[in-house]
Amino acid sequence: MGDAVGATGSAGSGRVELVEALEHANLPSLVPVLHQLTGDERWLHDPYRPTRSRGMDDNDSGGFAPEVGAEIRAAVADAVEQYEAGRAPAVPAPTGERLRELLELANGEPTPIEYADMLAEDMGFVPAPARTAPPTEITAVIIGAGVSGMLAAIRLAEAGIEHVVLEKNDDVGGGWYENTYPGAGVDTPSHLYSYSFFPRNWSTHFGKRDEVQQYLRDVADGHELRERIEFGTEVVEAVHDEESGNWTTRTADGRAFVSRILISATGALNRPRVPAIPGLDTFTGRIFHTAQWPDDVDLDGRRVAVVGAGASAMQVVPAVAATVGHLTVLQRSPQWIAPNDVYFAPIDRAVHLLMDRVPFYRHWYRARLSWNFNDRVHPSLQVDPAWEHPQRSVNAVNDAHRRVFTRYIESELEGRPDLVEKSVPGYPPFGKRMLLDNGWYRTLRRENVELLTEGVAEITPTGLRGDDGTEVEADVIILATGFHTHRYLWPIEVRGRDGARLADVWGDQDARAHLGITVPGFPNLFLTCGPGTVLGHGGSFITIAECQVRYITDLVVTMAEKGLRTVEVRPEVEDDYTRRHDEAHARMLWTHPGMTNWYRNADGRVVSTMPWRIVDYWRMTHEADLADYRVVPGV
């Protein structure tokens, strides 16, 4: 959890340490802290109102004149010392309109009132819903011990529901356990890519794979999850019995687990997708998917070909380019990539001190990240039917984004018009997953790196052949080709009421579920990271996981309270939700014809991505409405 730093030592040394640490503070996060600690209204007005962030920048200076920044820091040091001497905060738990006013202050721009309710819970100003079941025979099986599965286990334990987690790997972490490729890490700020109830003093602004995996191990240990996890246990089948209301979950080692509730936490980026490229088995070198990185592979001085130029490739390529002999990237389509000045930057220990010692600072820092990286961009993703340049963007703001990102690409690739031509996408920004620059463009400029704008037509014994006939000699081929994102729960055989196969109900790529959580015909089955819940407009999936698990736990506790054997979402409820989901997507840029993406299926329907703002989904899932379900009484 990092170094906990408190007000230790003499008052003088404590003051000096605090004042020095405040030089590293995010000033827009300090101003609402000042108001909470002192109650002084002057901090709500000019000259103490910060400017808005540019893009996703932290805006640490807040746009303040140096003397104003110094005044804010000094006032915080005084207020913290008074707090540590026993003075209670004047505004300990703002909610409603007062919290919205403080959010606007911190964000430097208008913030809708609905965010006050969501962030009041996240910041701990109001208690999050927490219900405990009466004594019950209801039990649950959770498939997967990644981010969502661990969270489900934590919340079910708090609610008093007996459960077991079945995990195919040998440790917790899910995708973070499996993806060990060089450069792997999050593209969501570390302090946002965290459970709301389990903060960490992160070492970098964007957590790298090893630290994220260690964080999840720490969560497992802190909540004593390992005693409820069956590691090395891969689920192959789950069958529902209508008479008993139970699910029987069978594993590859021949065991069977019977439970009333079945929760899938297998994730959307779980099963690597290896395209059926001709000649795949003829290559005489090493060939592997990024998610199956071999421990013993040596790239030193080798000729390496990377197939794909999406999120995984963008992390691998800069990480290995300096050590390989020659690197060829095969890119079918360029990506929009945003600049970020702190992608690799360490977080100073002084910031850890502020997080631990300054009341409310951690909450406000996270709240600002939540705004900048979550719903702030959502309005700019809506299609303006009257927009005069629909081929390149979907509205005026989206076109402005295009100009900004294009200028960035041109500046990074200055003097290389050949690379600029290959790197500027022809589709609207955010049309595919927006990536953060981790040195991609600088890597493309290296003498030992070549960018080909081709797909792969064939693997040969000594390399590969591009769609345009380019021959690439390689010792190692890395497949950065993504995952089976539309095949939820695959390859597990899931059978619901009347023996119906979930794979048949959905087909290969047309999954749908009410709230992305529950499916008609499959009583007591609940999904996390289900269809339509991947975040395309930014933000942390952990936020979505907390919404889903809260909803599922609420429903299970209700089942225990009312003595219900099964709950099954009504078909008309799921139909209505799917209709609204699809209609919302029809008005958004992910249906734009100018690109392909893994969000939508071959028929053009957006299957993976959420069309709602995060705050909308938070409200939709805040508590379960039993009227949406067919219920069968009798435990």
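Buried means under 20% relative accessible area, exposed means over 50%, and partly exposed falls in between, with a 1.4 Å probe and protein chains only. This is a predicted model, in which local features need pLDDT of at least 70 and side-chain atom pairs count only at pLDDT 80 or more, while totals for chains, interfaces and linings use all residues. Residues are numbered from 1 along each chain as its sequence is written, and side-chain values use heavy atoms, with hydrogens and water left out.

**View 1. The whole chain.**
The chain has 18 helices and 21 strands. Helices (H or I, at least four residues) and strands (E, at least two) are DSSP runs, numbered from the N terminus. Along the principal axes, the C-alpha atoms fill a box of roughly 75 × 70 × 55 Å. Buried residues make up 57% of the 635. Contact means heavy atoms within 4.5 Å. Among contacts with a separation of 6 or more, 73% join residues 24 or more positions apart.

**View 2. Helix α5 and its packing.**
Helix α5 spans residues 114-122. Its buried residues are Tyr115, Ala116, Met118, Leu119, Ala120 and Glu121. They pack against α4 (96-107), α11 (361-373), α16 (541-562) and α18 (614-620). Just after α5, Gly124 takes a positive phi of about 80°.

**View 3. The second largest pocket.**
A pocket is an open set of points on a 1 Å grid over the protein atoms alone, with protein on both sides within 12 Å along at least five of seven lines; a cavity is a set where a 1.4 Å probe fits but cannot get out, and lining residues have an atom within 4 Å of a point. Grid points are joined across faces, edges and corners, and a volume is the space filled by probe spheres set on the points. The second largest pocket has a volume of about 710 Å³. It is lined by 34 residues, of which Glu121, Ala128, Arg155, Glu546 and Arg550 are the closest to its centre. Helices α5, α6 (147-159), α11 and α16 each give two or more residues to this lining. The most come from α16, with nine. By type, the lining has 16 nonpolar, eight polar and 10 charged residues. Ala, Val, Leu, Ile, Met, Phe, Trp, Tyr, Cys and Pro count as nonpolar, Asp, Glu, Lys and Arg as charged, and the others, Gly among them, as polar.

**View 4. The largest cavity.**
The count comes to five cavities of 30 Å³ or more. The largest cavity has a volume of about 80 Å³. Its lining includes Thr266, Gly267, Ala268, Asn270 and Arg271. His484, Thr485, Arg487, Tyr488, Leu489, Trp490 and Ile492 also line the largest cavity. This lining divides into five nonpolar, five polar and two charged residues.

**View 5. Two cysteines without a bond.**
A disulfide is a covalent bond between the sulfur atoms of two cysteines. Here it is counted as a pair of cysteine sulfur atoms within 2.5 Å. A search of the whole structure finds zero disulfides. Cys529 is in none, and its nearest cysteine sulfur, that of Cys547, is 13 Å away. That distance is too far for a bond. Cys529 is buried, at 9% relative accessible area. Cys547 is buried too, at 2%.

**View 6. Thr528 in its loop.**
Thr528 sits in the loop between β19 (525-527) and α16. At 3% relative accessibility, Thr528 is buried. Ser148 is 380 residues away in sequence, yet the two C-alpha atoms are 6.5 Å apart. Leaving aside neighbours within four places in sequence, Thr528 contacts Ser148, Ile263, Ser264, Ala265, Gln548, Val549 and Ile552.

**View 7. His585 in helix α17.**
His585 lies in α17 (residues 571-586). The residue is buried, with a relative accessible area of 3%. Beyond its neighbours within four places in sequence, His585 is in contact with Trp590, Thr591, Val606, Thr609, Met610 and Pro611.

**View 8. Trp247 in strand β5.**
Trp247 belongs to strand β5 (residues 247-251). Its relative accessible area is 0%, so Trp247 counts as buried. Asp281 is 34 residues from Trp247 along the chain, and their C-alpha atoms are separated by 40 Å.
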